[in-house]
Each structure stands twice: as structure tokens, then as C-alpha cells.
Amino acid sequence: MSGPLDPTRLLAAGLALLVYLALCLWARGAHRRRSPAAEPATHWQVVFASQTGSAEALALNTAKALEMAGLPVQCRPLNALSADQLQAGGHYLLLLSTCGDGDAPDNAARFARNLLTRSLNLSRVSFGLLALGDRDYPAYCGFGRRVAQWLGAQGGRALFAPIEVHRNDPQALAAWQQQVSHLAQLGDAPSWALPPFRPWQLRERIQLNPGSQGGEVFLLSLTPSAGPWPDWQAGDLAQLALPDEADCVRDYSIASLPGDGVLQLLLRLHRHPNGQLGQMSGWLAGQVPIGGMVPLRVRAQHRFRQGDHTGRAMILIGNGVGVAGLRAHLKARIQAGCGPNWLVFGERQQACDNFFAAEFDHWLAEGKLQRLDRCFSRDAGGGYVQHALLAAADELCQWVAEGAVIYLCGSRLGMAEAVDQVLRGVLGEAGHTVLLQEGRYRRDVF
């Protein structure tokens, strides 16, 4: 997967220093907080809107810093806030990512739909806001800006000017750190330093779709050149950097598991309308020699991990290189004996774009994959993944009614939007809402 970047979850490493300082101050002032004569502490709400998990991880560590400084705090997704709670007032720190064309992440979509369109009395609300985005997209920090404007229009009081972060801009993050430190009365805290990328060796690069009408797709296999082997789970991401280009960083879904002995990615070579190759994809697809080094770090994506869903049936839906993350989920579930499993995958041509065909067919023959639907849009009679879901509407309803989870990975425009419409139509708005509320509908789209 490659898409708009949020600041990496590994900022938690720097926040640990902030938490340590807060812990020292906690110990020093504990007797004052225990005093019956002390004034009650102000309650803080740390609220996040996060698609890939970076804003969520940063919010959790921000909340931990406040908590260790002695401030009562709750941390939750934006969807958890109600109109009544907001109108009751309080102090809010909001860390909000933007998806697509200024859209809300999934765990903020209900808030955007139901509250951002209403007029409320928020005169008792004070807030600080960190908007996460990518200037390469027209609606840079669009969702964060909308929320900030709405809060102000409803009478909310900004504790400081909204802070906008382009990818992992260290100056913007330092400004957020300074504000958090001030609110927690921590004084000058150490800077939030990003851990360095480690060199990984490119072991193999295989084009999976020679002759395809679409862009070339490559399977990359990498191993760390030195140091400990990192741990990751199905659903996590690899973040790659272009050497000597600090601003060129991309996320890709990991297609393998640590036990495979290699970290595998699917890469589609991007071409601009003028024929120029994409910076990152062009470098990875042809300029890095086999045996060459690639700056890489692994990033957890908690919302797209299986978590406590291992005991449920799983429907995996995706297109193109989005099948990388779905393959890792299937590998993990099959190794753990979890099921039933249903994969719906779409691409252009069966003759060229049938990624991981032998592996999926083998799992199907062994009964480890209970259903496999493949759609090839450029073939005669072909269609898209949403058409396959609609054709299997009865079985889809049955799986969902029996507790299945749905994991979606691939293109936001076109595929993800169309699948969402099918789910709303087949399950009804109420059924769709239940899936979201129960965390049984997870998306990694770009």
C-alpha cells in the first residue's frame, strides 16, 4: 500500500522520555494530589481520527503523558463523542488524520456525518488540535481543518492555534510536544525524535504481471542487513524512505509474516501522465540493484490487525496490490487454524494479474480457504469485486449474521467506495452501522 502518510507510530519512542519526566514529577507531587484540600483535577479528553493507526498511537502516548503528570484523561476515537458530552464542556486534545479528498477516517465518519452538520453550544469546550496530512493531496489536512473551524463556529475556545503536520515534519511535532508539555506543566521536555531507518537488503524482485494492461507489479523480498529481526503482525506496514530525500517516504502493506524469513511487499510502478516514473516506485522497481540497501522500518497498524477477531469468520476483500495485506492475514489465520475464510480479489486480466494464484488455489483445495472469488475486469464477462459481493448477497448476509468480520484493502476511489455501497445495500444502513460500531469492518485503503 502507498498513500497519504500520517506521522509514524514510532514517535512513541520519543514520548517515552516525556512520560518518564512526567513520572518523576508525579512522584514529587503525589502528596499534594492526595491532599483532601486540593482542588479537583481537570478532566482531559484525548480524541483521535486515524485510518492507519499513526494518529491513534500518538494520541495514546499523549494521553499517557498527561496521565503520568497527574491529569485525569480519557483517550478514544472521535466517533465515541456525543453531542450531549460535547455540550457539557471540557478540555479536548484532538489528533485528526485526513483520508482521500478531505474525508474523515472510518473511526470518525459517524461524527462527521452526524455532528459536523449540526449547530451546538460548545462555549464550555476548550481544545487543542493536531491535523495530520500530506501536501501532495489537494485537501491537505482537510478533515482536521473542518473540525477546527466547526469547533470555533460553535463557540469552542482554542487553547492554541491548530498545528498541521505534513508527513513527519519534525518542527510541527515539536510544536505539539511543546503544547502538551505546557498543558501537563512538565516544563521543557526532550524532543520527539524519530528513530532512524535501518538498511534492508533487497533479496529478490519479481514482476508478477508481464504483459498486463496495468502498471507493472513487483514482489519485493527484503531482509535486515544487521541487527535484530523485527516483529510484526498481519496488517502492519513497512515504511520506506528514498535515500537523500527526507520528504519521500511511503507506506506499503506487508505481504509476509516474520516466520517466512523475508519481508515481502507488492509494488506497482507508477507513471505520471507525462510518462515520468514515480519517485519511490521508479527507484524500487529498477534502480535499486539486487543486494542493494533500502531504508526501511516496520510500523504497526493496530486497526488492521486481527486482534481479538481470530475466533471469527473473516471476509477479505481487495484489489490490485491491496491483496498484499490480505495475503498476510490469510497466512496468519491458516497457520493458527482460524476460519472460515473468504477472499474476494479483483484485478484486470486473469492471464496476467492473477497474483498468488497457486498459493490461494492450494489453500482452497485444502479447505483452509472456504470461498475464493476472483474478478478480472478486462476479461470477457469480467466484473469488479463489488459485483462478486452483490452476486453472493445471501451468503454475505449469513456470514455477517454469524459474526464474521470484513477486512478491505486496496483502492479508495472506485473499489472501496463501491464495496461500501454494496454492504450498505445488502446489509442495510442499520447492519452497516453495527459492523462499524462493533469494529467488524476494517479498511486499509489508499
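I'll start with helix 13, which bends by about 110° at Gly428. The bend at a residue is the angle between axes fitted to the seven residues ending there and the seven starting there. Helices (H or I, at least four residues) and strands (E, at least two) are DSSP runs, numbered from the N terminus.

Before going on, a note on what we are looking at. This is a predicted model, where local features need pLDDT of at least 70 and side-chain atom pairs count only at pLDDT 80 or more, while totals for chains, interfaces and linings use all residues. Residues are numbered from 1 along each chain as its sequence is written, and side-chain values use heavy atoms, with hydrogens and water left out.

Back to the helix. Just after helix 13, Gly439 has a positive phi of about 70°.

Which residues of helix 13 are buried? Buried means under 20% relative accessible area, exposed over 50%, and partly exposed in between, with a 1.4 Å probe and protein chains only. The buried residues of helix 13 include Arg412, Met415, Asp420, Val422, His432 and Leu435. Among the elements covering the buried residues of helix 13 are strand 13 (314–319), helix 12 (393–401), strand 16 (405–410) and strand 17 (441–445).

Strand 13 brings us to Asn319, which is found in that strand. Asn319 counts as buried because its relative accessibility is 18%. Its side chain reaches the backbone nitrogen of Ser411 at 3.0 Å. For reference, a polar contact is a pair of N or O atoms within 3.5 Å; within protein, one must be able to donate a hydrogen and the other to accept it, and residues adjacent in sequence count only if both atoms are side-chain atoms. Contact in general means heavy atoms within 4.5 Å. Leaving aside neighbours within four places in sequence, Asn319 is in contact with Phe345, Gly346, Cys409, Gly410, Ser411 and Met415.

Gly320 sits in the loop between strand 13 and helix 8 (323–336). Gly320 counts as buried, because its relative accessibility is 8%. With neighbours within four places set aside, the contacts of Gly320 are Arg268, Phe345, Gly346, Glu347 and Phe355.

Now strand 11, residues 263–268. Why is strand 11 largely enclosed by the rest of the structure? Because five of its six residues are buried. Strand 11 runs antiparallel to strand 8 (residues 217–224), and six bridges join them. Two strands pair if DSSP finds at least two bridges between them. In this pairing Leu220 stands opposite Leu265 of strand 11.

Next, the cores. A nonpolar core is a set of buried Ala, Val, Leu, Ile, Met, Phe, Trp, Tyr and Cys residues joined through side-chain atoms within 4.5 Å. The largest nonpolar core has 28 residues, and Leu78, Leu94 and Phe143 have the most contacts inside it. Elements giving two or more residues to this core include strand 1 (44–49), strand 3 (90–97) and helix 5 (142–153). Helix 5 gives the most, with five residues. A second, separate core of 27 residues includes Trp399, Val400, Ile406 and Val422.

Some backbone geometry to finish. Most residues other than glycine have a negative phi, and most peptide bonds are trans. A cis peptide bond joins Gly339 and Pro340, with omega about 0°. Pro340 lies in the loop between helix 8 and strand 14 (341–347). Asp244 is not glycine, and its phi is positive, near 65°. Is Asp244 buried or exposed? Asp244 is exposed, with a relative accessible area of 82%. Phe356 also has a positive phi, near 55°, but Phe356 counts as buried at 13% relative accessibility.

For the whole chain, there are 13 helices and 17 strands. Buried residues make up 56% of the 446 residues.
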